[in-house]
Amino acid sequence: MKLWDKGFSIDKKIEQFTVGNDREIDLHIAKYDVQASLAHAIMLESIGIITSEELQKLKSGLRVISETIENRTFVIEDSFEDVHSKIEFELTKTLGEVGKKIHTARSRNDQVLVALQLYYKENLQIINDKTKTFFDTLLSLAETHKSKLLPGYTHLQVAMPSSFGLWFSAYAELLIDDVYVLNAVSKIVDQNPLGSAAGYGSSFPIDRNITTEELGFSTLKFNVVAAQLSRGKCERVIANALGGLCNTMSRFAMDICLYMSQNFGFISFPDKLTTGSSIMPHKKNPDVFELIRGKCNKIQALHSEMLLVTNNLPSGYHRDFQLLKENIINAFEDVKDILDIFNYAIQQIIVKDIDLNDEKYQYLFTVDSINNLVVEGMSFREAYQKIGNEVQAGTYKPDLGKEHSHMGSIHNLGLEYIRKKFPD
């Protein structure tokens, strides 16, 4: 069953190649195709293309399909090309001629577009919500461990004193930047493309404002060619936004893997969150964070894929667009899982006491020592040279009691301001 079936069969090898994994991937957008079909039917009735009785039948038929999707009994058999043909078949099987009217003034192109954008819109909000949960967890950890010092590094060399409070809240504040981008992308996908048909509109007197309101879009993608051109653009900006969020999480995961190692030994996790070695009984591996890092890095590569698939396509629809769907949907599902497992695991972190009198940290406070001399009246350059000479001579003695008072420093984290900064 194909929406474009004209009465002849297609070569099976060609069919298998062109359909690809659409049947499996389309299960993610099935409920959104039902929503769009319902809105489209309401609009068709409003302009007199179908009767109110036919609309009620379509509503009933779509409700039944929606229930099968909800309880996960909905299946797209191999005899169907995609979810759109399956839903129309089910409506026609149940309702007869009325079911055949649902495709009036629609193309599979704008059907796919609107279902995908509804999926994107809802799942961007889900990711936003999960990011907020993760953000709250990190700020809570920052508050709990704000007084515990942590060596700070530059070039992976001991540099200056930091703290666990500073570390946790740093990644929390970076998440805010990622949410800014997610919100901008949400605005881009919150434009109704339904009614653009194959990309050039319809001679039917459709009312696109009705479907916009029914589907909860904030506005239309007014120009029908622009609506078609948004396929690929939406995926590129989404991939960029998800990649930015994943960059934050992959760097945090890398810190965790580093800090768990014996050479650092700053943190640990309960045994139940780690894995072992098949030959080394002492191993306690941070596999969950390594997989988070790997999955996040993979998602960061998605923008390049979306760009290269669509970069030089002319206006109008091209089958290349089908190749965007699988990996962008998989990225959404992966990011949701990553946020869940990261939030679950990080809550169980064990923060260790670090002995800053250890010889390897002896120069951690050199900058504080320089600043003490400057406060006493010495120029910065002279103070720098004095402490530098002491370091070279092996006579340097650190001052461990210096307070850092400015906003956003070790002893003044500004957590309440970071919390307020998170977008509503």
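Mentor: On a 1 Å grid over the protein atoms alone, a pocket is an open set of points with protein on both sides within 12 Å along at least five of seven lines, a cavity is a set where a 1.4 Å probe fits but cannot get out, and lining residues have an atom within 4 Å of a point. This is a predicted model, in which local features need pLDDT of at least 70 and side-chain atom pairs count only at pLDDT 80 or more, while totals for chains, interfaces and linings use all residues. Residues are numbered from 1 along each chain as its sequence is written, and side-chain values use heavy atoms, with hydrogens and water left out.

Trainee: Which residues lie nearest the centre of the largest pocket?

Mentor: They are Leu27, His28, Lys31, Ile69 and Arg72, out of 13 lining residues. The volume of this largest pocket is about 430 Å³, where a volume is the space filled by probe spheres set on the grid points, which are joined across faces, edges and corners.

Trainee: Which element gives the most to that lining?

Mentor: Helices (H or I, at least four residues) and strands (E, at least two) are DSSP runs, numbered from the N terminus. Here α7 gives the most to the lining of the largest pocket, with three residues, and α3 and α4 (52–70) each supply at least two.

Trainee: How do the residues of this lining divide by class?

Mentor: Ala, Val, Leu, Ile, Met, Phe, Trp, Tyr, Cys and Pro count as nonpolar, Asp, Glu, Lys and Arg as charged, and the others, Gly among them, as polar. The lining of the largest pocket has five nonpolar, two polar and six charged residues, whereas that of the second largest pocket has twelve nonpolar, three polar and two charged.

Trainee: What lies around the second largest pocket?

Mentor: It is lined by 17 residues, with Tyr153, Trp167, Tyr171, Asp255 and Tyr259 nearest its centre. Two or more lining residues come from each of β1 (149–154), α8 (164–189) and α10, and the volume of the second largest pocket is about 360 Å³.

Trainee: How many cavities of 30 Å³ or more does a search of the whole structure find?

Mentor: The search finds two. The largest cavity holds about 40 Å³ of space, and its lining residues include His40, Met43, Asp207 and Arg208. For the second largest cavity the volume is about 30 Å³, and Leu113, Tyr120, Cys234 and Glu235 are among the residues that line it.
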